[in-house]
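Here's a quick walk through a two-chain model, with the sequence and coordinates to follow along.

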Amino acid sequence: MSTSNLHMYVLAVPLLTAFFVNLLGRISRRWVAPLVLGALTFASLASLCVLGKVLRHGSFSYTVGNWQPPYGIELLLDPLSALMLVLISVVALFASISAIQSVRQELPGQEHLFFTLYLILIAGLLGLVLTADAFNLYVLLEITSITTYGLIAMGKGRAPLASFNYIIMGSIGACFYLLGVGYLYLMTGSLNMADIAGILPTVDGTAAVATALAFILVGLWIKMAFFPLHGWLPNAYSLAPTGAGLLAAPLMTKVSIYLMVRVMFWLFSSDFLFLQNPLVSTLVVWAAAIAIVSASCLALAQRDLKRMLTYIIVAEVGYMVGGIWLANSAGMTGAILHIVNDALMTLCLFLAVAAIVYKLGSGEFDKLQGIYRRMPVTMAAFTVGAFSMIGIPPTAGFFSKWYLIQGGIEAGHWQYVIALLFSSLVNAVLFFRIIEIGYFFKDGEQHGHEKKEEAPLLMQAPLLISAVALIVVGLGSGPLVESIIKLALPAGF
Amino acid sequence: MSYQTSIWPLAAVLISLLGSIPIMLSGRQPNLRESWTLLIALGKVVIVASFLPTVLAGGGYEFTIAEVVPGVPIALRVDAMGMFFALVASILWFFTSVYSIGYMRSLNEHGQTRYFASFAVAISATIGVAFAANLLTLYLFYEMLSLSTYPLVTHHQDAEARKSGRKYLTYILGTSIALALPAMLIVYSLAGNLDFKSGGILADSGASPETLALVLVLFLFGFAKSGLMPFHGWLPAAMVAPTPVSSFLHGVAVVKVGVFSILRVIFHIFGADLLLDVNLGVVITTIASITIIVASLVALTQDNLKRRLAYSTIGQLSYMILGAGMLSAAGMTGGLLHIGMHAFGKITLFFCAGAIYVAAGKKYISQMDGLGRRMPITYLAFMFGSLSIIGMPPLGGFISKWNLVIGAVDSGQLILLLVLLVSSLLNAAYFLPIVYRGFFAKAADPIFDEGVKEAPLFCLVPLSLTACASLALFFYPDIFLRLVQLALFP
């Protein structure tokens with residue numbers, strides 16, 4: 001294989017492996033784990049090479065099957081998409097190590113089915129960040145959604161209902177997106193992003209273009225669970241099999257944020273977005289602030305670890321949407337850095353939850369008494385993840401929050417700054433409540449009764465690595481911003 | 001002033017952070033574990049003290065750990081002000097380590113491994129705050145201290161500890177996130193960096209007086225470890241911790257980290273000249289004066305000895321902030337100097353309280369009548385500590401208070417003189433009766449006449465030494481004074 005189309009293999013290997021997982025997995029379930037891990041290890045290494053290449057030689061685009069754009073499908077490899085490739089493949093790799101254990105326990109005998117969908121979902125996510133074609137994006141969006149519906153429906157109890165709920169909401173979102181793209185096609189006669197971006201300034205009919213933008217944004221907001229369009233997410237992610245939550249929670253919303261950035265700045269221009277009608281961006285930042293505060297408050301009402309985390313995810317979506325619509329460099333840097341950091345800290349927390357659920361059967365608060373003594377390693381890593389969510393230096397979460405708040409101050413959007421601080425405080429309450437439950441004993445009970453009972457090593461290892469990664473990425477956020485994220489910012493920021 | 005690049009400041013911070021690992025690993029062999037603690041404590045004193053000649057000669061060291069935000073690295077710098085605080089903290093940590101061994105073993109406490117490990121992390125954070133080269137680094141170690149002391153405050157793991165721990169974090173973490181963090185970001189967007197620079201970094205930023213006032217107030221309350229009212233409630237609550245924790249952390253490290261952070265902001269972010277220009281010193285002195293008087297009055301009403309000491313600490317911390325807020329040379333000197341002088345005095349008092357609890361099992365002052373006759377050394381040390389804090393010669397506390405008095409006169413705010421006078425009288429009123437009744441009142445408990453002896457040597461020696469140090473600091477304050485002078489007027 002030549003290195004010039006290595007990125008195609010990043011995409012193709014998980015997709016093709018999905019079918020082998022299904023075929024060979026039917027013969028023997030033992031094939032599943034090595035195939036999945038092999039494919040994702042390859043994808044991770046290859047995407048790192050791709051990122052290195054993009055950073056060294058600059059962005060390039062690739063035409064699939066040599067059909068020239070604007071008619072063929074074009075893939076765009078710039079620092080932003082290369083960064084996302086690395087993020088998705090590495091997070092997926094670590095999630096899957098733990099997911100294999102958890103799926104074996106929760107869905108015995110169905111591993112091959114689960115991981116077929118799982119790998120197609122990963123391939124879909126990788127495709128989403130690569131594509132430079134507005135309609136192809138829609139197709140991939142549906143691929144990721146449909147595989148997620150399937151994964152969620154494999155859960156127990158009310159999971160099929162949650163999945164159905166998601167299908168309804170997801171389909172509405174997809175319709176909005178498709179309508180928006182349809183408007184753009186009517187106006188420009190093209191589906192290639194660069195092509196559309198070139199033609200748009202020349203066409204009359206701002207109203208139609210604005211409608212297209214609005215439809216696309218609403219579609220993506222449903223997909224990313226931007227409050228108040230978040231209704232589907234908490235049930236879907238908390239009732240899904242733990243292994244599915246492990247992959248979906250860190251990546252799905254973040255990829256949708258990436259898509260919003262892509263569509264906003266590679267289809268439209270920042271002049272069009274922010275200058276033509278400044279009220280719009282102010283309103284979106286207000287909506288983000290409200291989203292952050294409301295979702296944080298809803299998280300307070302939860303009595304289950306998984307559900308609490310799902311509401312935190314919804315609040316974090318508000319962080320990033322707000323950061324992007326602040327329309328300044330610090331906000332944009334913070335939002336893109338937060339895509340990385342939030343994916344890592346959500347991964348860390350969900351890995352910890354997976355380990356807890358593996359041992360305790362669920363993450364209800366009442367079961368967590370004395371858990372620090374029973375699962376010290378898991379809880380140590382969980383605590384690091386919690387600190388990152390609260391935003392305590394030197395964990396990664398602090399530094400993206402730093403940029404976001406700085407952006408808020410510079411833009412004069414104090415409501416957004418206050419919302420971020422409020423959410424940090426609420427996160428502190430949320431996590432210290434768990435730390436308190438886990439650290440203290442029931443009344444009357446004395447110390448030292450609990451035995452250590454950790455999850456298997458294969459669940460602990462990725463968890464520990466993700467916790468260390470949070471600190472390393474935090475301390476390395478200077479170079480990360482300077483050498484990658486600065487290059488990944490949309491033009492003009 | 002020139003700073004040499006050196007890895008030793010990092011070593012000074014890390015030695016106890018990494019040292020917590022062997023402490024945790026040797027949990028099953030208490031003697032080995034405590035040897036580690038003492039070895040690390042000694043190592044820390046040696047490393048910190050080795051900076052002293054260079055710093056006294058007007059130099060310093062620096063080390064950049066990581067570039068995290070444009071213009072603001074995570075970096076350490078050994079300057080005179082940090083050196084002063086680090087010296088006090090590391091010496092007193094050594095004494096506390098010895099004392100902890102006596103205290104924890106005598107009372108047969110559970111979870112001693114966790115205790116010593118958390119302690120080691122906490123002292124790392126304290127030295128980190130002292131040697132922080134900018135506000136972000138300071139904030140990092142400040143938060144690390146808040147979190148590492150949580151297991152210490154809640155050591156007993158019972159319902160009361162849970163309640164106090166919750167209060168502790170609510171006040172300290174809550175204010176640092178809600179107030180100090182935005183203040184720091186506002187400064188960053190005004191000045192473009194967060195370096196501690198003599199003369200401040202905000203002078204040329206062109207910020208309006210209103211903005212400056214807002215930022216100042218956010219900082220004053222944001223660093224709630226300094227116990228400024230109304231954010232002082234955590235300190236009395238935190239007294240549920242074992243006494244060595246109260247003595248070192250809530251007499252020295254944690255509370256003084258709060259004051260140190262505020263003084264850093266006043267001296268090296270705002271700069272005294274800027275505060276004089278916009279006349280913001282009065283904001284600081286007003287808040288501090290109210291805290292001093294109210295805390296001293298409340299201290300009078302406390303029967304629990306540790307709680308009385310806690311309220312006394314709240315009042316004394318505000319002396320330091322008051323001194324800085326006077327913005328006159330002597331006032332600032334007195335304020336900064338009081339960090340060291342008060343530390344030696346207050347740790348002695350807490351050590352005594354712990355020794356009384358170990359020896360006689362008493363927590364309440366009303367039950368301690370006549371105890372001094374059975375524990376003369378402890379009570380003598382208690383007297384030295386009290387006199388130092390009241391500000392009587394020949395004890396160290398006199399020197400800082402004297403400077404504060406001169407500072408009040410120099411700054412022309414005679415009302416502050418009144419505050420200092422009234423507060424000193426109140427200090428005497430809540431401390432001296434304890435000593436007097438200990439020696440001369442009729443024994444409150446018949447066992448005092450026979451069974452009770454002095455606490456074990458592991459407790460008694462450290463408290464005698466810190467009491468003697470308080471005395472020595474009156475006669476030989478030169479090193480502290482020189483460091484303070486260098487910090488304020490380079």
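Two strands count as paired if DSSP finds at least two bridges between them. Keep in mind that this is a predicted model.

With that in hand, take the sheet in chain B. Three strands make up an open sheet there, in the order 1-2-3 and with mixed pairing. Strand 1 (4-5) and strand 3 (72-78) of chain B sit at the edges with a single partner strand each, so one side of each has no neighbour in the sheet. Strand 1 of chain B pairs with strand 2 (residues 61-69) of chain B in the parallel sense, over two bridges.

Now for chain A. Its secondary structure comes to 20 helices and two strands. The radius of gyration of chain A is close to what the globule rule gives for 493 residues, so chain A is as compact as a globular protein of that length. Here are the overall values for that chain:

| Property of chain A | Value |
|---|---|
| Radius of gyration | 22 Å |
| Box filled by the C-alpha atoms, along the principal axes | roughly 75 × 55 × 45 Å |
| Buried residues | 60% of the 493 residues |
| Contacts joining residues at least 24 apart, among those at least 6 apart in sequence | 79% |

What about the inside? The largest nonpolar core has 409 residues, and those touching the most other members are Ile88(A), Cys348(A), Phe84(B), Ala89(B) and Met184(B). Helix 14 (residues 329-360) of chain A gives the most to this core, with 22 residues. As for Ile88(A), leaving aside residues up to four places away in sequence, it touches Ile122(A), Leu125(A), Leu126(A), Val129(A) and Leu251(A).

Finally, where the chains meet: the contact takes 25 residues from chain A and 24 residues from chain B. On the side of chain A that touches chain B, helix 17 (396-411), helix 18 (414-439) and helix 20 (477-488) of chain A each supply at least two residues. Helix 18 of chain A brings the largest share of that side, seven residues. By type, the residues on this side of chain A split into 16 nonpolar, six polar and three charged.

Methods: Residues numbered from 1 in each chain as written. Chains lettered and ligands numbered in written order. Predicted model: local features only at pLDDT ≥ 70, side-chain atom pairs only at ≥ 80, totals over all residues. Core = buried A, V, L, I, M, F, W, Y, C linked by C-beta atoms within 7 Å. Buried ≥ 20, exposed ≤ 12 C-beta atoms within 10 Å, placed from the backbone. Helix = DSSP H or I, 4+ residues; strand = E, 2+ residues; numbered from the N terminus. Contact = placed C-beta atoms within 7 Å. Rg over C-alpha atoms; globule rule 2.2 N^0.38 Å. Nonpolar A, V, L, I, M, F, W, Y, C, P; charged D, E, K, R; others polar.
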